[in-house]
Amino acid sequence: MIVSPRGAARLRSGHVWVYQSDIKSARNIAPASTVSVYDDHASFYGTALYSSTSQIAIRMLGSQAIPAERTAEVVAERVRAAIHYRRNVVRDTNAYRVVFSEADFLPGLIVDRYNDMLSLQVLTQAMDQAPVREAVLRELVQELDPVCIVERVEPRIRELEQLPPLEGGVIWTRDGAQPKSSTTFTMNGLRFQYDAHGGQKTGAFLDQRENYSAAERYAHGRALDVFCYQGGFALHLARTCEQVTGVDASRPALEIANQNAALNAGLYNGREIEWVEANAFDLLRDYSDGGEEYDTVVLDPPAFAKTKRTLDTAVRGYKELNLRALKMVKAGGVLVTCSCSYHVSEAEFLQMLTSAAVDARRQVRILEKRVQAQDHPVLLTVPETSYLKCIICQIT
């Protein structure tokens with residue numbers, strides 16, 4: 001496969017993607033093929049997995065030559081390596097990301113562990129091929145010994161990749177074990193429920209696990225967790241704060257958050273977490289206008305900028321939230337503010353926070369600048385693998 005000068009320059013920079021617009025020749029190459037990549041001058045760049053329909057046409061497997069017949073074997077080796085990496089960096093939990101796509105040199109594959117269950121997502125044509133799937137499942141079973149493996153399906157992605165429709169659900173069970181769709185996992189000494197058929201992403205925001213603990217170290221007094229989802233931050237704050245309120249627009253998420261709180265009731269010395277179903281923007285406006293004050297505020301919204309085109313709108317949204325929150329934090333209090341939008345850089349996020357602080361007439365001292373948990377590794381030459389920003393501040 002021959003790539004354009006622009007595509008070649010991208011590969012020389014260390015990135016692992018080439019877009020369809022930068023493919024110069026792909027004649028007679030079947031979808032999901034393992035291909036050798038060259039430029040116009042016949043310079044060899046490595047081996048890639050090819051998608052005939054995705055905007056990302058090739059995803060590099062490596063700079064070396066890999067025969068097509070070894071693709072499944074290489075994938076198996078990398079699944080094994082990903083698992084071993086987590087054994088070195090994951091602590092205080094039996095729930096974590098096992099495989100993080102390009103960051104583990106396994107483009108198009110996501111695997112999460114929740115106690116005795118594994119959740120798998122296949123996002124590309126090549127990873128959907130039977131020999132590759134079989135290799136992945138074999139390594140996961142041998143290395144992690146789950147009770148069952150559940151596949152979560154994104155119908156839109158399968159449609160874009162021109163893959164046949166697929167029903168999600170249990171795809172493997174241990175001999176003699178009954179298929180299950182839920183379990184309970186532990187994180188930082190707290191218990192949470194996992195439902196394979198519900199939730200966002202693969203079921204929980206595992207990338208915030210280390211940030212939950214960091215926020216708990218600084219949190220105190222009266223706390224407000226906005227966009228609380230199933231209670232990740234709120235449940236951690238409740239171990240150190242006198243009063244915690246969790247806010248989310250999703251009633252099902254709040255119901256699960258309440259169930260999670262019940263699992264950990266013995267840790268809260270009789271304190272209960274208040275759950276409020278509300279639009280975050282409306283609630284923060286009403287609370288700040290009404291003079292509500294908190295010692296700790298957490299903002300963990302969904303990705304506002306899913307594309308570069310929505311960047312300006314996203315930054316305005318982040319500023320509105322942070323401006324309202326800054327007005328409510330008591331002097332000496334803590335603001336934990338997050339963004340999972342890759343298209344909003346850390347510099348842009350901090351600039352937004354600076355602007356909000358000026359408008360709110362508050363001084364902000366940064367206590368910690370944090371990123372996603374270590375089980376979501378970052379490749380330096382693939383900036384898309386670095387997406388989560390978590391800024392912990394003291395407000396004066």
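User: In this predicted model, which residues of H2 are buried?

Analyst: Thr71, Ala72, Val74, Val75, Ala76, Arg78, Val79, Ala82, Ile83, Arg86 and Val89 are buried in H2. They pack against strands E4 (34-38), E5 (44-50), E6 (56-62), E7 (95-100) and E8 (109-114), and against helix H3 (130-144).

User: How do you know that the span of helix H2 agrees with its 19 residues?

Analyst: Helix H2 covers residues 71-89. At 1.5 Å a residue, H2 should span 27 Å. The end C-alpha atoms of H2 are 27 Å apart, so the two values agree.

User: Why is H9 called oblique to H10?

Analyst: The axes of H9 (residues 311-328) and H10 (residues 346-360) cross at roughly 45° and come within 9 Å. That angle makes H9 oblique to H10, because roughly parallel would need an angle under 35 degrees and roughly perpendicular 65 to 115. The crossing of H9 past H10 is right-handed.

User: What makes up the contact of H9 with H10, by class?

Analyst: Residues of H9, including Leu311, Val315, Tyr318 and Lys319, meet residues of H10, among them Glu348, Phe349, Met352 and Leu353. The contact has eleven nonpolar, two polar and four charged residues.

User: Why is Arg209 called buried?

Analyst: Arg209 has a relative accessible area of 2%. Buried means under 20%, so Arg209 is buried. Arg209 lies in helix H5 (residues 209-218).

User: What is Arg209 in contact with, leaving aside neighbours within four places in sequence?

Analyst: Arg209 is in contact with Val90, Arg91, Thr93, Ala95, Tyr96, Met187, Asn188, Ala373 and Asp375. Take Ala95: Arg209 and Ala95 are 114 residues apart along the chain, with their C-alpha atoms separated by 9.3 Å.

Technical notes. Residues numbered from 1 in each chain as written. Predicted model: local features only at pLDDT ≥ 70, side-chain atom pairs only at ≥ 80, totals over all residues. Heavy atoms only, no water. Helix = DSSP H or I, 4+ residues; strand = E, 2+ residues; numbered from the N terminus. Expected span 1.5 Å × (residues − 1). Buried < 20%, exposed > 50% of the residue type's maximum accessible area, 1.4 Å probe, protein only. Contact = heavy atoms within 4.5 Å. Axes fitted to C-alpha atoms, helices over the stretch in contact; angles between N-to-C directions. Parallel < 35°, antiparallel > 145°, perpendicular 65-115°, else oblique. Left-handed = near helix turned anticlockwise from the far one by under 90°. Nonpolar A, V, L, I, M, F, W, Y, C, P; charged D, E, K, R; others polar.
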